[in-house]
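Please look over the structure below with its strands, salt bridges and surface in mind. The report that follows is meant to be read beside it.

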Amino acid sequence: VYSRSKHNSSWVLSGKLITFNVKAPEPVKITSIGLPASADMLYGESKLLEAAVEPADNTEELIWESSAPAVVSVDNGTLTALGCGKATVYCKNQDGTVSAACTVTVKPENITNIAVVAAETKTDRITFTWDALSYADSYDIHRYNAQTKKYVKIGTAETATYTDETAEEGRSYYYLVRACDKTEDGSFKGANTKVKLASRPPKVTGLTQNYSSTGKIRLVWDD
């Protein structure tokens, strides 16, 4: 007669207790980990960094670390770009004897769709807008100076619109719009985009027309 005791490793055979040992399965250690050598991300983006681990039936947990958590954080392989710059992401086995690394570069998202607001642009001012960026605290506006051959800051915008009230009538200007994200150390990092915009030309006055004998029309206006 066989009956099992409350212990998994004990059985009773004809009134006699038989004890045997049950061995736990041997752990399967990781022998190799593969990561891409590099990866690019945009500020604020999240993406999964997949590790190629051998053997597939290993019993170890992966340990993820970032050399610069303020730039790139990592949670079980999911990367989040928190700042512009570079960070090295490490993937290791539990005792750190097997590892791989990936260099992640975080770039700022570009400013797009800069355009003149025609209804608000006059002969003495240029108003323009652009697509707002979620990470931007503000935007620095620079205008190209032909004498110094440099872009010079002319103002700051809290939202995605700016009016240059120093523009002269009928002139074109080159602007640089920089999205700013204030970091903990007080510095600013962000994308910048250059664009050429123009103010309205002066209103034509004194316009007259003269007919010639050849059938052509000659237009004349005030200088």
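The sections below cover the basis of the model, its strand pairing, its salt bridges, its cysteines and its surface.

## Basis of the model

This is a predicted model, in which local features need pLDDT of at least 70 and side-chain atom pairs count only at pLDDT 80 or more, while totals for chains, interfaces and linings use all residues. Residues are numbered from 1 along each chain as its sequence is written, and side-chain values use heavy atoms, with hydrogens and water left out.

Strands here are DSSP runs of E with at least two residues, numbered from the N terminus, and two strands pair if DSSP finds at least two bridges between them.

Strand β10, which spans residues 78-81, pairs with β6 in the antiparallel sense over 3 bridges. Within this pairing, the bridge partner of L48 is T78 in β10.

## Other strand pairs

Strands β13 and β14 run antiparallel and are joined by 2 bridges, with V116 standing opposite F128 in β14. Strand β14 also pairs with β17, in the antiparallel sense and over 4 bridges; here T127 has T163 in β17 as its bridge partner.

Strand β8 (residues 63-66) has a covered face, made of W64 and S66, and an uncovered one, made of I63 and E65. This strand is joined by 4 bridges to strand β11 (residues 85-92), and the two run antiparallel. E65, from the uncovered face of β8, stands opposite Y90 in β11.

## Salt bridges

A salt bridge is counted where a side-chain nitrogen of Lys or Arg lies within 4 Å of a carboxyl oxygen of Asp or Glu, and by this rule the count comes to 8 salt bridges. R125 takes part in a salt bridge with D124, with the closest N and O atoms 3.5 Å apart, and in another with E165, where the closest N and O atoms are 3.9 Å apart. R125 lies in the loop between β13 (115-116) and β14 (126-129), whereas E165 lies in the loop between β17 (161-164) and β18 (172-182), so the pair ties together parts that are 40 residues apart in sequence. In terms of accessibility (buried means under 20% relative accessible area, exposed over 50%, partly exposed in between, with a 1.4 Å probe and protein chains only), D124 is partly exposed at 37%, R125 is partly exposed at 30%, and E165 is exposed at 56%.

E168 forms a salt bridge with R171, and the closest N and O atoms of this pair are 3.5 Å apart. Both residues are partly exposed, E168 with a relative accessible area of 45% and R171 with one of 40%. Elsewhere, salt bridges that share partners join K29, E60 and D95 into one network.

## Cysteines

How many disulfides does the structure hold? The structure holds 0 disulfides, a disulfide being counted as a pair of cysteine sulfur atoms within 2.5 Å. C91 is buried, with a relative accessibility of 0%, and C180 is likewise buried, at 2%.

## Surface and loops

L207, I217, L219 and W221 make a nonpolar surface patch of about 440 Å². Patches are made of residues with over 30% relative accessible area and no salt bridge, with like charges joined within 9 Å and nonpolar side chains (Val, Leu, Ile, Met, Phe, Trp, Tyr) within 5 Å; accessible areas come from the Shrake-Rupley method with a 1.4 Å probe, and for residues only the protein chains shown count as cover.

A146 is found in the loop between β15 (138-145) and β16 (150-157), and A146 counts as exposed at 60% relative accessibility. The C-alpha atoms of A146 and Y174 are separated by 9.7 Å, the two residues being 28 residues apart along the chain.
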